[in-house]
Amino acid sequence: MKNILITGASRGIGESIAYHFADKGFNVVGTARSEFKFKKNNFKGTLIPIRLDVTDRDSIKEAFNNLKERDLLPNILVNNAGITADQLFLRMKDEDWDNVIDINLTGTFNITKMFVKQMVKSRYGKIINISSVSGLMGNAGQVNYSSSKAALSGFTKSLAKEVGSRNITVNSIAPGFIDTDMTEYLDDKARLDLESQIPLRRIGNTKDISELVFFLASDEAAYITGQTISVDGGLFMH
Ligand SMILES: NC(=O)c1ccc[n+]([C@@H]2O[C@H](COP(=O)([O-])OP(=O)(O)OC[C@H]3O[C@@H](n4cnc5c(N)ncnc54)[C@H](OP(=O)(O)O)[C@@H]3O)[C@@H](O)[C@H]2O)c1
């Protein structure tokens, strides 16, 4: 039986990934900072919501012990939890820099550090980091966010080199604009402007991302590692 852990699974992309894997019969553990329940539950697999802040190392250790006892340690890990705190650089507050780096980058380090050990032991694992188009092409107002996401690319490549010999793949997905709470601030005009810049002429949906996560976690993707793959309707072409 395959177990998956997804951070930031209470809504948006993480929630969609959770349902995708539960539908295929996986044991899915999803985390968020707040107490939450999965809204849907009629799946072949099980959905287990846990409260876990990716910046809290003591809680991560506790969660590790708890999941170990329940035989739920993941062989697939999706580092999806992320926040934005947008502001032009000259006005950006120190705490907006610190919070974004702590959650998006250091959070990925904290979670991966704890859960990769079991993968190394069992010589099997899939780690998928959710990055962003902003980390690849930059975005005015997002110096903090794009720095955190660009760093995930280096994290992904270096870790992939270290753990490849243990049959563990490490990849990143760089979504473009996806319809979730994170992009709710866009008004109709901003959406239309944006869509006109996207070759496929639409904002993405969460399923566009969960489909690729599922593929990267499958044995069909066994020979792909260290990559950052864009799912952005062609917004940024490498
Ligand atoms: N939507 C987009 O257009 C887009 C584009 C590119 C990349 N992304 C990336 O995709 C990922 C998911 O984005 P989304 O749009 O689905 O965002 P979202 O709807 O805002 O959901 C974010 C999720 O992360 C959780 N979270 C935030 N901080 C956390 C922490 N410290 N510890 C644990 N969980 C935490 C949130 O729950 P709580 O608030 O309860 O903790 C929530 O479940 C993020 O990494 C984001 O940067 C999104």
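Visitor: At what angle do H1 and helix H7 pack?

Guide: This is a predicted model. In it, the axes of H1 and helix H7 (residues 206–216) lie 9 Å apart. H1 passes H7 in a right-handed crossing. The packing angle of the two helices is about 50 degrees.

Visitor: Are H1 and H7 roughly parallel or oblique to each other?

Guide: Angles under 35 degrees count as roughly parallel, and those from 65 to 115 as roughly perpendicular. The angle of H1 with H7 is about 50 degrees. The two helices are therefore oblique.

Visitor: How many charged residues are there in the contact of H1 with H7?

Guide: H1 contributes Gly-12, Ile-13, Ser-16, Ile-17, His-20 and Phe-21, which meet Thr-206, Lys-207, Ile-209, Ser-210, Val-213 and Phe-214 of H7. By class, six of the contact residues are nonpolar and five are polar, and the number of charged residues is one.

Visitor: Which helix supplies the largest share of the shell around the ligand?

Guide: Helix H1 (12–23), strand E2 (27–32) and H3 each provide at least two residues of that shell. The largest share amounts to three residues, and its source is H1.

Visitor: Which residues come nearest to the ligand?

Guide: The shell holds 12 nonpolar, 14 polar and four charged residues. There are 30 residues around the ligand in total, and those that come nearest are Gly-8, Gly-12, Arg-33, Gly-82 and Thr-180.

Visitor: Are H2 and H3 roughly parallel or oblique to each other?

Guide: The axes of helix H2 (residues 57–69) and helix H3 (residues 94–122) come within 10 Å and cross at roughly 30 degrees. Angles under 35 degrees count as roughly parallel. The relation of H2 to H3 is therefore roughly parallel.

Visitor: Which residues of H3 are met by H2?

Guide: H2 passes H3 in a right-handed crossing. By class, their contact comprises five nonpolar, one polar and two charged residues. From H2 come Arg-57, Ile-60, Lys-61 and Phe-64, and the residues they meet in H3 are Asn-110, Ile-111, Met-114 and Phe-115.

Visitor: Why is H3 roughly parallel to H5?

Guide: The axes of H3 and helix H5 (residues 143–163) come within 9 Å. Angles under 35 degrees count as roughly parallel. H3 is roughly parallel to H5 because of their crossing angle, which is roughly 20 degrees.

Visitor: How many nonpolar residues does the contact of H3 with H5 have?

Guide: H3 passes H5 in a right-handed crossing. The H3 side of the contact includes Trp-97, Val-100, Ile-101 and Leu-105, and the H5 side includes Tyr-145, Ala-151, Leu-152 and Phe-155. Alongside four polar and two charged residues, the number of nonpolar residues is 11.

Visitor: What is the radius of gyration of the chain?

Guide: The chain has seven helices and seven strands, arranged along the sequence as β-α-β-β-α-β-α-β-α-α-β-α-α-β. For 238 residues the globule rule gives 18 Å, and the chain comes close to that value, so it is as compact as a globular protein of that length. The C-alpha trace spans about 50 × 35 × 35 Å along its principal axes. The radius of gyration is 17 Å.

Note on methods: Residues are numbered from 1 along each chain as its sequence is written. This is a predicted model: local features need pLDDT of at least 70, side-chain atom pairs count only at pLDDT 80 or more; totals for chains, interfaces and linings use all residues. Axes are lines fitted to C-alpha atoms, for helices over the stretch in contact, and angles run from 0 to 180 degrees between N-to-C directions. Helices (H or I, at least four residues) and strands (E, at least two) are DSSP runs, numbered from the N terminus. Angles under 35 degrees count as roughly parallel, over 145 as roughly antiparallel, 65 to 115 as roughly perpendicular and the rest as oblique. A crossing is left-handed if the near helix is turned anticlockwise from the far one by less than a right angle, and right-handed if clockwise. Two residues are in contact if their C-beta atoms, placed from the backbone, lie within 7 Å. Ala, Val, Leu, Ile, Met, Phe, Trp, Tyr, Cys and Pro count as nonpolar, Asp, Glu, Lys and Arg as charged, and the others, Gly among them, as polar. A residue is near a molecule or strand if its C-beta atom, placed from the backbone, lies within 6 Å of it. The radius of gyration is taken over C-alpha atoms; the globule rule is 2.2 Å times the number of residues to the power 0.38.
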